[in-house]
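This report concerns the strands, a helix packed on them, and a surface patch of one protein model. Please consult the sequence and the structure shown below.

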Amino acid sequence: MHVTIHEAEANFPQLLAAVERGEEVVISRSDKPVARLIPESAGKVGSKLGFLAGTISEDVIRRLTDPALDRQIEGDFVDSIASGSK
């Protein structure tokens, strides 16, 4: 739903009711959007820092952060470039 600033001022309770129903309200000044009202719960799924904590074992993290893996990936990449240019 799009409204002007004047409409937002005059109908704020109704706009909040629309947001509570899950609607998004865009408030514009001279046809240029300046603000957005969204439900408070919007965007919260998965936004908590560390929401995957404990799902990856320490061993996997250790292997993925091993500098030797970086060197291996770099070597494989260089080799693939070299063999592709022949």
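## Basis of the description

The model is predicted: local features need pLDDT of at least 70, side-chain atom pairs count only at pLDDT 80 or more, and totals for chains, interfaces and linings use all residues. Residues are numbered from 1 along each chain as its sequence is written, and side-chain values use heavy atoms, with hydrogens and water left out.

## The sheet and its pairing

An open sheet with mixed pairing is formed by 3 strands in the order β1-β2-β3. Its edge strands are β1 and β3, each of which pairs on one side only. From one strand to the next, the twist averages 35°; axes are lines fitted to C-alpha atoms, for helices over the stretch in contact, and angles run from 0 to 180 degrees between N-to-C directions. Helix α2 (residues 12-20) packs on this sheet and touches β1, β2 and β3, its direction making about 65° with that of β3. Contact here means heavy atoms within 4.5 Å. Helices (H or I, at least four residues) and strands (E, at least two) are DSSP runs, numbered from the N terminus.

Strand β1 (residues 2-4) pairs with β2 in the parallel sense over 3 bridges; two strands pair if DSSP finds at least two bridges between them. In this pairing, His-2 has Val-26 of β2 as its bridge partner, and Val-3 stands opposite Ile-27 in β2. The pairing of β2 with strand β3 (residues 32-37) is antiparallel, over 5 bridges. Here Val-26 has Arg-36 of β3 as its bridge partner, while Ser-28 stands opposite Pro-33 in β3. The hairpin of β2 and β3 has 2 residues between the strands, and Ser-30 takes a positive phi near 50° in it.

## Burial of the strands

Strand β2 (residues 25-29) is mostly covered, with 4 of its 5 residues buried. By contrast, β3 is hardly covered: the count of buried residues among its 6 residues is 0. Buried means under 20% relative accessible area, exposed over 50%, and partly exposed in between (1.4 Å probe, protein chains only).

## A nonpolar surface patch

Phe-77, Val-78 and Ile-81 form a nonpolar patch on the surface, and their accessible area together is about 310 Å². Ile-81 lies in helix α4 (residues 67-84).

Patches are made of residues with over 30% relative accessible area and no salt bridge; like charges are joined within 9 Å and nonpolar side chains (Val, Leu, Ile, Met, Phe, Trp, Tyr) within 5 Å. A salt bridge is a side-chain nitrogen of Lys or Arg within 4 Å of a carboxyl oxygen of Asp or Glu. Accessible areas come from the Shrake-Rupley method with a 1.4 Å probe; for residues, only the protein chains shown count as cover.
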